Structures are given as C-alpha cells and as structure tokens.
Amino acid sequence: MKIFSRKQLREADQVTLKKEGIPSINLMERAGGYAYQWLHQRLQGGQVPIKIFCGIGNNGGDGLVIARYLLENGYQTTVYIVNYSDKRSEDFLKALDSLKEKTTQWPELLKSASYLPEINSGDIVIDAIFGIGLNRPAPDWVQQLFAHINASKAYVLAIDIPSGLYMDAVPATDEEVISASYVLSFQSPKLVFFLPQTGKYVQMWETLDIGLDRDYLINTPTDVELIGKQEILQMYRPRQKFSHKGTYGHSMLVGGSFGKMGAVVLATRAALRTGSGLATAYVPQLGVDIVQTALPEAMVLTDNFNGKTFEEIDYDIEPDVIGIGVGMGTDSFTKKALTDFLDDYEGKLVVDADALNCIAADPKLLEDLPNQAVLTPHPKELERLIGSWEDDFDKLEKTAAFAKIYDVIVVIKGAHTITVYDYRLYVNTTGNPGMATAGAGDVLTGMITGLIAQGYGPLQAAVFAVYLHGRAGDLAVPKTSYQGLLAGDLVDHIGAAFMDLFSEPEPAPEQD
C-alpha cells in the first residue's frame, strides 16, 4: 500500500475535482459522509453521547458534515467549534451553513481555555480540529483542550490524523497532541502512524476510501510503501516439482563466540526454515559440537585456531550468500578477521550485530562492503553507524543518505521495522511487543540470508523476511504470550507464516 505525502494527497484532491467536474465542497461531503457511515455501522443508533470538536479549516468541515448526519439520524450529538483563528476555509463555512439549515442544535463556540466542556469516559469524542495541513504548534489554549480530551479517557475517533500531529515532523516534547483510540485516515495511512515518536498517538487506524482519482493513486510513485500480505504475495516464488536442495541455494552464517553460540544456531536454523537448500555455520572451533548437536541439518566449518573467538574467516566452499556478525564478538582478532574477509569478499552479504559494531568502530570498512549488502542494526547499532539524530524524521533522512552513499540496504529494526534503500522506505505491518527478546534479531538475519540464497534480490529478501519474521511472532504469541515469547518460537513459526500467506484475505490493516 502506498503512503502518500501531504503534497500528493492535495494533488489527488485537485485531480479528482477536475476530472469529476465537481466543487470541493462535494469532496468534503463525500469524506464526511463515508466517515459517518463507518461510525453508524458500528453504533447502529446506540445512544452514546458524541462530542465533535471541529476546527475552522477543511478538517473541521469534515467534522461538521459528520455532525449533520449524526443529528439528522437521531444520535445524541454535541458540536463544538474550536475558534483558534479569525480565518475560516470556504468549504468549512458551506458545511456550517448546511448544518444550520438541517438542525436547530447549532454548534457551541470555544474561544479559550476558560470554558472547556465536560467530557466523560463513556463519551465518544470525534476529533476534527486539525488535519494534514498543520505545520506549527496549536495555540496554547487549544493544546489545553487537547490535554482535556486526553485526560477524559473517552473513546477518541480522529478524522484523518490526530490533531496536533504533523505529517512530516515530530512535535516538540512540550506540545500536546490528541491521543486517538482510532484514526480514520482518508485514502492512505500517514507515515507518522509508524514512527516511534509519533505512532504512540495512534492506537488503531483504518484507511477510508473517499474516492480520490484512481488513476492518480495507481500511477503516482511514492517514497514510502506499507508492506502487508498483498505486497508480500507479489514477491513469493513457489517451489517447482522437479527441484532439489541445490536449487534453493547455500547460506553460510558466520558468527558465534564463547558464550554466544546460540546466536549462530538461531540464525542458521532460521535460514533453513526460510527455505535455504543448504546451510553452513562458520564458527570458532569451540562451537562445532554445539552446532552439530543443536542443528543436525546444518554443516559446520571452523577457522584453524583453537580460540574462543574468530581469528580468520577462511573457507573452501562457494555459498550463495553470507550472513555475518551474530554473536561474533568484537575483540582485536575478530576485527582483523572481519577486515580481511571484507577486503576479499564480493558476493551477497547480510551484516548484523558485532560485525556492524566492528565496522562502526572502523568506518573505512564501509567502503569494502559489496553492493546492496543488507545491514540489520538495532537502534544503538544504527546510531554507531550514522551518528545521532534529532528525531525520527532526521533518523530516516540520515539513514537514507547513508544507504545511498555506500549502496547498502538498511533494515531499521523496531515496532514497525523500516527497510531503507535508494531513498525509499518499506514500512512493515507485522510483529508485536513480545518480539523484544534476545535472539530475535539473529533469527531475522538468518531469514534474510535464507531468502537471498534462494534467489530473491537483497532488497526483496529484506522486505519479505521482515514481514515473515513479524508474522511468525504474531502467530506464536497466542501460544506463548508477549512475555513468554522466545526467539526459538519465531523460528518454529516461520513455516506457519508462509502458510498464512495463502489463508483467507486479511481485513484492512489495523495497528495497535
């Protein structure tokens, strides 16, 4: 699913108006009408107090249209106009006139924090104060209203975007933003729904198709794509009847050290579970018995030293891809081994964990990474690579620039893992808080490696593996709980995640 920018959404509005030959108020009526239908289908006439807070721009106009339908259909509705400016959009005024024509229950005007209406926890609050055009902090008294709504514990339905939230920036720490129980996002979700600093204001969301021009939506490229089941199904490659293990490639996982052999076992198991035809674990000599016992399906190679960490990476096989770094350690011998390896290796590569830390400590090693190497840092590892950032948008910009300079694919791990390449973002929709557990990243490294071994391109493999990784976690949680989920459970549910791709179509994405 495409995630459109503010500029693109406004262009879509204009293209729609021009092609259909309609005035802009008609589009507002359409958006507000669809939002009302969504609400009516769920309330079915139930008499829950509904309090609608409308700004004086087009988002407020959407709210007035919703209010008119609610009042016309007998819902217990009170409308408030948040009068933060003397300027009103033309369509807002038209929507206000239509409301006044249909009901004697005219809106109340809010002009300061001296009067904030009572809101009870059992109420439904519809937030239609600010839309996607907000680009500066709301007036102080309006922020007090936001705080008042948040403190009420009422169910808050935000129209298009929670008020106080920007499309392309993070609010300052002292700014108040409405925390929405649910967001009806017109036509496309917004990137801010998926970033750590802004996604916290959105408990759940759903896109509402308001009939913007289909040709524009299909043919307009975006810099951000939301990855769900349908996007992954387009990548999936079915297995052929007359194939063999060699058809599906050979993964080599380089990692492990004294006390950290579990990491390479997890990664190698994950590569095999994801479909790699062959898998070799390249480990220090102390790890041979561990890997052979824990994972009889894997082959094992070692260096020629009898130490607790790597002293060289030297092998006589030709793997299709190498995943390196899990549990590897960062001592001087290991750093030297990694440096020598990168100096010679030109194949497909996935880099994680301690290999990333070694590279961050010696940035000139970045020049030796092969094209389209996949890097899978957690937040601290990412910071060591690209430096600190001011906020989530700055982090994305710096990561994109870094990926472009070194021609690498960067997987920013998190609640909504984002894969970055060539200034494009691929935002994942699967996964849950139970996956914040030791070894989950090692599993992801193995999965990406296993997909590349089978012939998936590095970018495609990264995006696909991230989705499957999260889906495996989602399928495991009902059995384990968030707290009880282990990295090994993710590996055990990779097969189920593949099977799930061909289950009944999932409903529209809803994130909590």
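Good morning. Of the 512 residues in this protein, 56% are buried, where buried means under 20% relative accessible area, exposed means over 50%, and partly exposed lies in between, for a 1.4 Å probe and protein chains only. Please note that this is a predicted model, in which local features need pLDDT of at least 70 and side-chain atom pairs count only at pLDDT 80 or more, while totals for chains, interfaces and linings use all residues. Residues are numbered from 1 along each chain as its sequence is written, and side-chain values use heavy atoms, with hydrogens and water left out.

Let me begin with the overall picture. The protein has 18 helices and 18 strands; these are DSSP runs, numbered from the N terminus, with helices being H or I of at least four residues and strands being E of at least two. Taken along the principal axes, its C-alpha atoms fill a box of roughly 85 × 50 × 45 Å. Contact here means heavy atoms within 4.5 Å. Among contacts between residues at least 6 apart in sequence, 73% join residues at least 24 apart.

I turn now to helix 15, which covers residues 440-453. Its 14 residues reach 20 Å from the first C-alpha to the last, close to the 20 Å expected at 1.5 Å a residue; the expected span is 1.5 Å times one less than the number of residues. Is helix 15 mostly covered or mostly uncovered? It is mostly covered, with 13 of its 14 residues buried. After helix 15 comes Gly 455, which has a positive phi near 105°.

How does one describe two packed helices? One gives the angle between their axes and the distance between the axes. The axes are lines fitted to C-alpha atoms, for helices over the stretch in contact, and the angles run from 0 to 180 degrees between N-to-C directions. Helix 15 packs with helix 16, residues 458-480, at an angle of about 135°, and their axes are 8 Å apart. That angle makes helix 15 oblique to helix 16: angles under 35 degrees count as roughly parallel, over 145 as roughly antiparallel, 65 to 115 as roughly perpendicular, and the rest as oblique. The crossing of helix 15 past helix 16 is right-handed. A crossing is right-handed if the near helix is turned clockwise from the far one by less than a right angle, and left-handed if anticlockwise.

Which residues of helix 15 meet helix 16? On the helix 15 side they are Ala 440, Val 443, Leu 444, Met 447, Ile 448, Leu 451 and Ile 452, and they meet Pro 458, Ala 461, Ala 462, Phe 464, Ala 465, Val 466, Leu 468 and His 469 in helix 16. The residues of this contact divide into 14 nonpolar, 1 polar and no charged. In this grouping, Ala, Val, Leu, Ile, Met, Phe, Trp, Tyr, Cys and Pro count as nonpolar, Asp, Glu, Lys and Arg as charged, and the others, Gly among them, as polar.

Helix 12 passes helix 13 in a left-handed crossing. Ala 353, Leu 356, Asn 357, Ile 359 and Ala 360 in helix 12 meet Glu 381, Arg 384 and Leu 385 in helix 13. This contact divides into 5 nonpolar, 1 polar and 2 charged residues.

Next, some individual residues. Lys 413 sits in the loop between strand 16 (408-412) and strand 17 (418-421). Is Lys 413 buried or exposed? Lys 413 is buried, because its relative accessible area is 18%. Leaving out residues up to four places away in sequence, Lys 413 touches Asp 352, Thr 376, Pro 377, His 378, Pro 379, Gly 441 and Leu 444.

Most residues other than glycine have a negative phi. Gln 372, although not a glycine, has a positive phi of about 60°. Gln 372 lies in the loop between helix 12 (353-361) and strand 15 (373-375), and is partly exposed at 29% relative accessible area. Asp 422, also not a glycine, has a positive phi of about 55°. Its place is in the loop between strand 17 and strand 18 (424-428), and Asp 422 is partly exposed at 41%.

Finally, Gly 262 belongs to helix 9 (residues 261-273). The C-alpha atoms of Gly 262 and Gly 439 are separated by 8.1 Å, although the two residues are 177 apart along the chain. Thank you for your attention.
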